[in-house]
Amino acid sequence: MGHAPVQEIVEQAMTTHKGLAAWVGEVAALTLPDHIRWVDGSVEEQALLTDHLVAEGTLTRLNPELFPNSFAAFSDPKDVARVEGRTFICSENERDAGFTNNWMAPAAMKDILNEKFAGSMRGRTMFVIPFVMGPLDAEDPKFGVEITDSAYVVASMRIMANIGTDVLRKMEDTNAFFVPALHSVGAPLAPGEADVAWPCNEEKWIVHFPEERSIFSFGSGYGGNALLGKKCFALRIASVMARDEGWLAEHMLILKLTSPADKTYHVAAAFPSACGKTNLALLEPTLPGWKAETLGDDINWMRFGKEGELRAVNPEAGLFGVAPGTGWHTNPNAMAAISKGNSIFTNVALTDDGGVWWEGMTKEVPAHLTDWQGNDWTPESDRPAAHPNSRFCTPIDQVDMLSKDYFNPEGVEINAILFGGRRKTTIPLVTQARDWTHGIFMGSTLSSETTAAATGAVGVVRRDPMAMLPFIGYDAGDYLKHWIDLSAKADQARLPKIFLVNWFRRTADGGFAWPGFGENTRVLKWVVDRIEGTAEAVETPIGFVPAVGSLDLTGLDVSPADLADALRVEPSEWESELAGIQEWYARFGDSLPEQLAEELKDLKARFGA
């Protein structure tokens with residue numbers, strides 16, 4: 001079958017949005033697909049796509065009694081995670097990309113991409129996915145259109161974003177600007193050539209053009225490499241839009257807390273991977289009378305409201321969570337949502353009764369599984385059953401604890417911001433910043449230690465500013481300055497209080513000093529009490545930590561020694577920490593905001609360094 005004629009594509013574009021029709025024509029002329037499908041987002045279309053993917057061997061239909069309308073996918077072993085080494089920010093000036101990003105001149109990158117995408121969709125269907133990040137009825141909806149040759153991507157995008165005909169019509173009515181996002185697995189098919197279950201290309205490119213607000217992704221079919229509304233749009237491109245328009249696009253959860261006095265608070269929190277972000281977003285409180293509701297577990301767009309308050313919305317429609325470690329005993333709210341079905345799992349293990357399993361899902365390990373690579377697996381096997389980066393993709397409206405405010409296009413007012421990392425020493429359980437700029441200093445120096453699950457040395461401290469290291473779409477110093485400058489728009493009395501947390505501090509004998517999970521409610525209660533001015537704190541060189549007796553430990557079996565370990569500020573540990581921060585800040589060069597250099601200078605002085 002030959003490729004679809006370009007003129008026919010434009011004439012049958014099914015849209016009155018001339019800019020979109022023209023772009024679809026350009027992409028078709030470059031990639032040469034056999035067919036074009038405009039995605040309508042309907043239930044019927046999703047059923048057709050998933051049936052096709054099952055027939056092709058890309059998806060395995062799960063037992064409907066266990067996981068209704070759900071499927072498992074298994075990727076090529078070489079296509080299992082974000083490819084940060086192949087991710088680029090192609091700003092016009094290299095300085096605007098900054099030291100945290102890979103950069104190439106836009107013209108040079110365009111030459112490479114045009115060569116890679118030329119004919120890349122031969123033998124395949126080109127899908128056109130209109131989508132909007134956040135509510136369609138928002139005052140300033142942010143539109144995107146992903147063109148892809150992967151039906152798996154279409155099926156997953158339907159879970160993760162608002163897509164289809166309603167979005168397209170709103171774009172047409174307003175002649176809306178949209179972010180063009182082009183994706184190809186990079187595996188064209190010759191006439192008569194059989195496809196594989198997971199097509200991809202050895203060579204991968206994830207490229208962002210911030211001035212154009214455009215995204216190109218080639219070679220990978222997996223996760224954030226291919227679902228371009230997620231990290232590529234909602235963080236890397238959106239962070240640039242936010243800089244230019246005066247708001248924030250952040251890698252943060254949004255949690256609503258209601259106290260026993262029926263007063264509500266909203267917390268935003270930024271955590272690098274493997275630091276408990278999803279578990280906090282779906283918290284099960286252990287203190288009587290407290291209620292938690294979620295608005296999102298991953299991405300948070302914040303802007304100042306008419307009264308100078310900071311308001312947040314979650315622009316996503318689904319959860320795309322790491323499966324291992326998510327279990328009935330650690331995160332029952334996530335598991336309850338997943339068990340309702342309508343989900344796509346990738347690189348998990350299959351149970352013999354047609355379900356899925358991964359490490360940490362249940363305390364009991366099944367006697368036999370089919371692992372993510374299709375091999376028999378038993379508890380005696382010397383490898384994980386599920387890939388460490390295996391995922392569940394689940395609609396957020398299946399979360400029982402979802403706040404109704406999730407659907408509010410104006411978002412919710414944020415009362416507190418938490419930054420958190422994984423540190424065995426040095427960083428206390430919770431520390432309150434002195435003020436907004438000091439809080440940004442905390443976020444800018446956020447750090448985690450590598451674990452045995454990662455390649456390379458164990459225990460190495462890695463800085464991850466605001467948990468945004470892989471996602472800042474422009475110079476990191478300018479990003480931090482944007483955080484500082486934005487506060488001028490605020491009602492200073494309503495600026496969120498900022499806290500640094502660390503659930504992972506160890507005791508002298510190597511155990512965890514704090515139990516974590518649902519018991520983190522007690523830390524959040526202290527945060528709320530600090531907002532209200534009712535909790536005592538001790539001033540230390542790094543900020544305010546809970547005074548003795550100010551954390552509610554009712555019914556909790558934590559020894560005084562362990563609690564002291566969790567809250568300790570040890571000058572000898574901070575000697576090396578200060579050196580690490582100094583080394584980190586040196587990498588920013590001239591773009592480091594002078595206010596943060598002053599914060600470091602003051603911190604050194606408080607330690608007498």
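Biologist: In this predicted model, at about what angle to β2 does α3 run?

Modeller: Helix α3 lies across two strands, β2 and β3 (71-73). Taken relative to β2, the direction of α3 is at about 105°.

Biologist: What is the strand order of the open sheet of five strands that includes β2 and β3?

Modeller: The pairing in this open sheet is mixed. The twist averages 20° from one strand to the next. Read across the sheet, the order is β2-β3-β18-β23-β17.

Biologist: Which strands of that sheet stand at the edges, and why is one side of each left without a neighbour?

Modeller: An edge strand here has a single partner strand, so one side of it has no neighbour in the sheet. The two strands in this position are β2 (59-61) and β17 (318-322).

Biologist: How are helices α3 and α6 oriented to each other: parallel, antiparallel, perpendicular or oblique?

Modeller: The axes of α3 (residues 43-56) and α6 (residues 151-160) come within 10 Å and cross at roughly 140°. Only angles over 145 degrees count as roughly antiparallel, and 65 to 115 as roughly perpendicular. The crossing of α3 past α6 is left-handed. The orientation of the two helices is therefore oblique.

Biologist: How do the residues of the contact of α3 with α6 divide into nonpolar, polar and charged?

Modeller: From α3, the contact involves Val43, Gln46, Leu49, Thr50 and Leu53. These meet Ala151, Tyr152, Val154, Ala155 and Arg158 of α6. By class, the residues of this contact are seven nonpolar, two polar and one charged.

Biologist: Why is strand β15 described as largely enclosed by the rest of the structure, and how many of its residues are buried?

Modeller: Strand β15 covers residues 300-304. It is largely enclosed by the rest of the structure because the buried residues number four of the five.

Biologist: Which residue of β15 is the bridge partner of alanine 249?

Modeller: Strand β11 (residues 248-250) runs antiparallel to β15, and three bridges join them. Within β15, the partner of alanine 249 is tryptophan 301.

Biologist: Which glycine in the turn between β15 and β16 has a positive phi?

Modeller: Strand β16 (residues 310-313) is antiparallel to β15, with four bridges between them. One of the bridge pairs places phenylalanine 304 with leucine 310 of β16. The two strands form a hairpin with five residues between them. The turn residue with a positive phi, about 85°, is glycine 308.

Biologist: Is lysine 525 buried or exposed?

Modeller: Lysine 525 belongs to helix α14 (residues 521-532). Leaving aside neighbours within four places in sequence, lysine 525 is in contact with Leu287, Trp290 and Asp552. Its relative accessible area is 19%, and the cut-off is under 20%. Lysine 525 is therefore buried.

Biologist: Which residue in β22 stands opposite leucine 369?

Modeller: Strand β21 (residues 369-370) pairs with β22 in the antiparallel sense over two bridges. The residue of β22 opposite leucine 369 is tryptophan 377.

Technical notes
Residues numbered from 1 in each chain as written. Predicted model: local features only at pLDDT ≥ 70, side-chain atom pairs only at ≥ 80, totals over all residues. Heavy atoms only, no water. Buried < 20%, exposed > 50% of the residue type's maximum accessible area, 1.4 Å probe, protein only. Pairing = 2+ DSSP bridges. Axes fitted to C-alpha atoms, helices over the stretch in contact; angles between N-to-C directions. Parallel < 35°, antiparallel > 145°, perpendicular 65-115°, else oblique. Left-handed = near helix turned anticlockwise from the far one by under 90°. Contact = heavy atoms within 4.5 Å. Nonpolar A, V, L, I, M, F, W, Y, C, P; charged D, E, K, R; others polar.
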